[in-house]
Amino acid sequence: MLHLYLNRVLLARLSLFMKFENLNIIQPILKALAIKNYSSPTPIQLKAIPLVLKKQDVLGCAQTGTGKTAAFAIPIIQNLHNEKNNNHNVPIKSLIVTPTRELAIQIADSFTDYGKFTGIRNTVV
């Protein structure tokens, strides 16, 4: 239990000094994050973004308002953008399942905001 607590404390302090640029986020997404006044990743973003960029599975739990959506949306958009640049005909590559339509709309809005300069599109079904 102490190890988990120390890990959280360390991540929280590290996130104060870390910038999104240090996570190898591409310029179009960094530009969109700057417009939203995001400069430093939260602890969950700090842990999840590098793993999702490597296309690894991630299961994350955090309180409301900690940046969970950005933690998975930013690297998904970047991976889709990179694939789009390598192959002009990219079929559906990501499916986000939510328990409510309202949450689906919120997540779609975030994908739209973060992907604003990438040409990546999304829709809510």
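Among contacts in the chain (heavy atoms within 4.5 Å) between residues at least 6 apart in sequence, 61% join residues at least 24 apart. The structure is a predicted model, in which local features need pLDDT of at least 70 and side-chain atom pairs count only at pLDDT 80 or more, whereas totals for chains, interfaces and linings use all residues. Residues are numbered from 1 along each chain as its sequence is written, and side-chain values use heavy atoms, with hydrogens and water left out.

The chain contains 5 helices and 0 strands, and its elements run α-α-α-α-α from the N terminus on. Helices (H or I, at least four residues) and strands (E, at least two) are DSSP runs, numbered from the N terminus. Of the 125 residues, 30% count as buried; buried means under 20% relative accessible area, exposed over 50%, and partly exposed in between, with a 1.4 Å probe and protein chains only.

In soluble globular proteins, nonpolar side chains tend to be buried together. A nonpolar core is here a set of buried Ala, Val, Leu, Ile, Met, Phe, Trp, Tyr and Cys residues joined through side-chain atoms within 4.5 Å. The largest such core has 20 residues, of which Phe-20, Ile-25, Ile-29, Leu-33, Ile-49, Ile-74 and Tyr-114 touch the most other members. Helices H2, H3, H4 (68-86) and H5 (101-114) each supply at least two residues of this core, and H4 gives the most, with 6 residues. Leaving aside neighbours within four places in sequence, Ile-29 is in contact with Ile-74, Ile-77, Gln-78, Tyr-114 and Thr-118. In H3, the buried residues include Ile-44, Leu-46, Ile-49 and Val-52. Just after H3, Lys-55 takes a positive phi of about 65°.

Ser-40 lies in the loop between helix H2 (27-35) and helix H3 (43-53). Ser-40 counts as partly exposed because its relative accessibility is 25%. Although Ser-40 and Phe-20 are 20 residues apart in sequence, their C-alpha atoms are 5.9 Å apart in space. The side chain of Ser-40 reaches the backbone oxygen of Met-18 at 3.2 Å, and a polar contact of 3.4 Å joins the side chains of Ser-40 and Lys-19. A polar contact is a pair of N or O atoms within 3.5 Å; within protein, one must be able to donate a hydrogen and the other to accept it, and residues adjacent in sequence count only if both atoms are side-chain atoms.
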